[in-house]
Amino acid sequence: MSRLAVIHADIVATMDDAATEIADGGVVWRDGAIVAVGSTADLAPLLDGIETIDARGCVVTPGLVNTHHHLYQSLTRAVPGCQDASLFGWLKTLYPIWARYTPDDVFAATQLGLAELALSGCTLSSDHLYLFPNGVRLEDTIAAAQGVGIRFHPTRGAMSVGESLGGLPPDSLVEAEPAILDDMVRVIDAFHDPADGAMVRVGVAPCSPFSVSRELMRDAAILARDKGVMMHTHLAEDADDVRYSLEKFGCRPGDYAESLGWTGPDVWHAHCVQLDTAEIALFARTRTGVAHCPCSNCRLGSGIAPVRAMLDAGVPLGLGVDGSASSDSGNLLAEARQAMLLQRVNGGAGALSAREALRMATRGGAQILGRHDCGQLAAGKRADLAIWPVDEIASSGSWDKLAALVLAPPPGPRDVFVEGRAVVRDGELARVSRQSVVAGAQAALARLMA
Ligand SMILES: [Zn+2]
């Protein structure tokens with residue numbers, strides 16, 4: 001049984017229901033679960049004989065939660081020809097490159113993306129893998145997550161409507177729908193862990209309404225509910241997306257989702273930039289989650305998601321970095337800052353606070369991934385936390401050190417723990433070497449560019 005404590009943090013931001021912030025705070029955990037959170041003085045009786053980590057000059061938060069990613073894309077950053085393209089044109093440029101991926105490439109890309117996330121304070125990431133060329137399988141990503149040590153929610157994605165049927169992807173990248181559903185069952189049975197503290201949970205995730213059939217959307221929802229797993233897809237990402245829905249299905253994306261069973265607390269949709277007032281009310285009423293990806297939305301010119309309106313209506317919201325082909329950088333703390341800034345462009349300086357952005361990045365993300373055991377620092381919750389130095393060049397001078405994480409952010413966390421175990425120590429990956437991650441990525445990149 002291993003016990004550890006972090007003490008003397010300038011602030012512990014618990015993200016509990018009362019948004020408690022504790023000065024000179026600490027967190028004590030045993031194995032993977034938090035035993036106590038409080039002031040260092042109050043925790044003193046629990047500290048006898050256990051290893052303590054001094055966090056003077058630091059802020060401690062729950063680990064950040066990434067709710068939308070395509071980790072395989074980490075090897076297609078800054079690709080010429082789609083640096084300045086909008087969503088549909090961008091996809092058409094990248095599909096032929098992705099069609100060359102092998103299992104080794106997917107492993108290397110996933111390891112790279114998860115290492116990057118861990119180094120930005122992320123402890124739990126979902127992933128949306130929706131193409132499986134050349135023998136790629138979902139377990140190629142799970143193996144990478146186990147190496148980095150991050151908590152992982154891979155989703156078995158799918159594309160089934162190729163160009164010849166009016167869809168966007170080339171026919172070579174789509175799969176037959178019965179095979180997709182069979183493989184969803186296989187990976188859920190093999191890897192999904194419903195227990196508290198689970199390191200791997202599997203979801204189902206048809207890629208988007210413009211790359212799978214109505215029948216697959218419906219059947220995937222039935223399958224997910226039968227298996228008790230969560231459901232994820234892209235929705236209402238930009239104006240083209242809404243236009244496609246109106247032309248092809250005769251209704252807006254929200255109505256399409258609802259008609260196929262894709263609303264509810266077990267569903268979260270990426271983007272939702274173009275939701276209208278009625279769709280926001282639908283999502284709030286049904287507790288349907290939204291993964292807000294502000295950097296990707298900016299990069300692709302998709303628009304400004306109505307985050308303020310969604311929060312006010314009660315829509316569950318988390319943050320996502322999105323795939324590295326559309327946001328290039330996978331830094332979740334930077335995403336929180338971008339979320340705050342982007343709301344202010346249209347909504348004014350009061351549109352989203354630093355604390356609201358941090359709450360979305362932690363508690364909000366855990367909620368939409370169905371992880372009530374994560375996303376907050378409280379006794380009984382999982383020991384997933386990030387220790388941020390706020391006494392260095394980028395953050396020194398800040399009067400409010402918690403807000404400084406977003407307003408004057410440090411380059412990265414000093415330490416990150418997942419399920420009580422170190423994933424980052426002193427700014428370095430603790431479970432895999434930085435050199436091996438980079439070498440693996442470079443080797444795979446050389447194969448893809450050959
Ligand atoms: Zn995406």
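## Helix packing: H5 and H6

Helix axes here are lines fitted to C-alpha atoms over the stretch in contact, with angles taken between N-to-C directions. The model is predicted. Helix H5 spans residues 177-191 and helix H6 residues 214-227. Their axes come within 11 Å and cross at roughly 20 degrees. Angles under 35 degrees count as roughly parallel, so H5 and H6 are roughly parallel to each other. Their crossing is right-handed.

H5 contributes Glu177, Ile180, Leu181, Met184, Val185, Ile188 and Asp189 to the contact. From H6 come Glu215, Leu216, Asp219, Ala220, Leu223 and Lys227. Eight residues of this contact are nonpolar and five are charged; no polar residue takes part.

## Aromatic pairs

The whole structure holds seven aromatic pairs. In one, the rings of tyrosine 95 and tryptophan 98 have centres 6.0 Å apart and planes at 80 degrees. Planes over 60 degrees apart count as edge-to-face, so this pair is edge-to-face.

Both residues sit in helix H2 (residues 87-98), three residues apart, and are therefore separated by about one helical turn. Tyrosine 95 is buried at 3% relative accessibility. Tryptophan 98 is buried too, at 0%. Ring pairs link Tyr72, Tyr95, Trp98, Tyr101 and Tyr130 into a cluster.

## Alanine 236

Alanine 236 lies in the loop between strand S10 (231-235) and helix H7 (239-249). Alanine 236 is buried, with a relative accessible area of 0%.

Leaving aside residues up to four places away in sequence, alanine 236 touches Asp241, Pro253, Cys272, Val273, Gln274 and Leu275. Serine 302 is 66 residues from alanine 236 in sequence, and their C-alpha atoms are 9.6 Å apart in space.

Terms used. Residues are numbered from 1 along each chain as its sequence is written. This is a predicted model: local features need pLDDT of at least 70, side-chain atom pairs count only at pLDDT 80 or more; totals for chains, interfaces and linings use all residues. Side-chain values use heavy atoms; hydrogens and water are left out. Helices (H or I, at least four residues) and strands (E, at least two) are DSSP runs, numbered from the N terminus. Buried means under 20% relative accessible area, exposed over 50%, partly exposed in between (1.4 Å probe, protein chains only). Contact means heavy atoms within 4.5 Å. Axes are lines fitted to C-alpha atoms, for helices over the stretch in contact, and angles run from 0 to 180 degrees between N-to-C directions. Angles under 35 degrees count as roughly parallel, over 145 as roughly antiparallel, 65 to 115 as roughly perpendicular and the rest as oblique. A crossing is left-handed if the near helix is turned anticlockwise from the far one by less than a right angle, and right-handed if clockwise. Ala, Val, Leu, Ile, Met, Phe, Trp, Tyr, Cys and Pro count as nonpolar, Asp, Glu, Lys and Arg as charged, and the others, Gly among them, as polar. Rings of Phe, Tyr and Trp (its six-membered ring) pair if their centres lie within 6.5 Å; planes under 30 degrees apart count as stacked, over 60 as edge-to-face and the rest as tilted.
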